[in-house]
Amino acid sequence: MKAILLTAPRTVTIAEVDPPVPGPGEVLVRVGLLGFCGTDLGFFDGTSNYLRDGLKSYPFVPGHEWVGTVCGTGPGVDADWAGRRVSGHNFRVCGRCPACRAGRIRYCPDRSEIGVLGPRPGAGTELLTAPVDTLTRIPDALSDTAAALLEPTAAAVHAVDRIAVGRHDRVAVLGGGTLGLAAAQVTRALGADTVVLDPHPAARELAAALGLPALAAPGERDQGAYDAVVEASGSGAAVRAAVGLVAPGGRIAQLGTPHHPVDGFDAAALVIKDVTLHAALSGVGYWDRLVELVESGAVDLDPLVDRVFPLESVESLDAAFAHLASPDRRRPKVLVRIGAEQPGGVAETAAALVS
């Protein structure tokens, strides 16, 4: 089968590898769409902190955002899974430690994440094995595009939940990318007065198209004005700004991941204002809630996709990464079409953008 293989910085190829065989409790999935995000871009250009810290090394198969169809089952798996559209979280855990036994798998000390952390290959391949307990069945109302975005955007639901956003809150979301626009839609669905802050005109235009107020930068009157702040960009400037924007007694969710220490972070102000700061890792445990929000129309993920590239050549993959890095990109998400669009979902709104 074909697999995307990163072998060195800015070096990607399409390799022929043996297909995997599902083990006990696993299914075999034919991957349809693969999502690329900033983490994948860092792996491609060599700047990733995972590479720098020795948590990942070349060569490897990337990819951790995906949707596909079950085409085989391993021992002990209900045959009802066959033919189902699925996506799933990417944590692979020991199942034996105190954290796993308590259902807190994101804290497993032996955790790996396919395509990101540890030696397991990612989802950038035609066939993928996955434990059934990591999977979510995709309802017919969701397109392949929306399903491929569930993995990153479930983390936004987690972040909003951690800071207990409610309908009386005033919320600032810093960053109009995939995570920020998902988080802003979730807080709006909860009834909160929400604004997106992003310096890029295209991000603000997309926010407005989704019905979200958007500003280029906070004004003087915004300082200390927000009950809750979701930092969704990972930029140092936004991380610093969140401290000034949050009200006394307010809450901050750190959802974006800075790729280096943030200089000038005013920890003293957090203490003086008695602020609660939560960091949100992954969306494990929040997929069902997100699917309900997307099914209801409260969260719209399809418009977040800018381009869908075919898996047909190395040049196509190079173009996908180049487009992901381009400042001219109008929407935050780049996808790669690995397999045929699967029946059962609504027509993919990004189909017209396939190149």
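Tutor: What follows is a set of questions and answers about a predicted model.

Student: What makes strand 17 a buried strand?

Tutor: A residue is called buried when its relative accessible area is under 20%. Five of the five residues of strand 17 (residues 333-337) are buried, so the strand is largely enclosed by the rest of the structure. Both of its faces are covered, with Lys-333, Leu-335 and Arg-337 buried on one side and Val-334 and Val-336 buried on the other.

Student: How do you know that strand 17 pairs with strand 3 and with strand 16?

Tutor: Two strands count as paired if there are at least two bridges between them. Strand 3 (residues 26-36) and strand 17 have four bridges and run antiparallel, and Gly-35 has Leu-335 as its bridge partner in strand 17. Strand 16 and strand 17 have five bridges and are parallel, with Val-308 opposite Leu-335.

Student: Which residues bring helix 11 and helix 1 into contact?

Tutor: Contact requires heavy atoms within 4.5 Å. Asp-40, Leu-41 and Phe-44 of helix 1 make the contact with Asp-318, Phe-321, Leu-324 and Ala-325 of helix 11. Helix 1 (residues 38-45) and helix 11 pack at an angle of about 120°, and their axes are 10 Å apart.

Student: Why are strand 12 and strand 15 described as standing at the edges?

Tutor: The sheet is open, and its six strands follow the order 12-11-10-13-14-15 with parallel pairing. Strand 12 (214-215) and strand 15 (276-279) each have a single partner strand, so one side of each is left without a neighbour in the sheet. Further in, strand 10 is joined to strand 11 (residues 193-197) by five bridges, and Val-173 stands opposite Val-196 in strand 11.

Student: What can be said about strand 14?

Tutor: Seven of the nine residues of strand 14 (residues 246-254) are buried, so the strand is largely enclosed by the rest of the structure. Strand 14 pairs in the parallel sense with strand 13 over five bridges, where Val-229 has Ile-252 as its bridge partner. Strand 14 is also joined to strand 15 by four bridges, again in parallel, and together with helix 9 (residues 267-272) strand 14 and strand 15 make a right-handed β-α-β unit.

Student: What makes a group of residues a nonpolar core?

Tutor: The members must be buried nonpolar residues joined through side-chain atoms within 4.5 Å. The largest such core has 48 residues, and Leu-150, Leu-181, Val-230, Leu-255 and Leu-301 touch the most other members. Helix 5 gives the largest share of this core, seven residues. Leaving aside residues up to four places away in sequence, Leu-181 touches several residues, including Val-196, Leu-206 and Leu-304. In soluble globular proteins, nonpolar side chains tend to be buried together.

Terms used
Residues are numbered from 1 along each chain as its sequence is written. This is a predicted model: local features need pLDDT of at least 70, side-chain atom pairs count only at pLDDT 80 or more; totals for chains, interfaces and linings use all residues. Side-chain values use heavy atoms; hydrogens and water are left out. Buried means under 20% relative accessible area, exposed over 50%, partly exposed in between (1.4 Å probe, protein chains only). Helices (H or I, at least four residues) and strands (E, at least two) are DSSP runs, numbered from the N terminus. Axes are lines fitted to C-alpha atoms, for helices over the stretch in contact, and angles run from 0 to 180 degrees between N-to-C directions. A crossover is right-handed if, with the strands pointing away from the viewer, the path from the first strand over the helix to the second runs clockwise.
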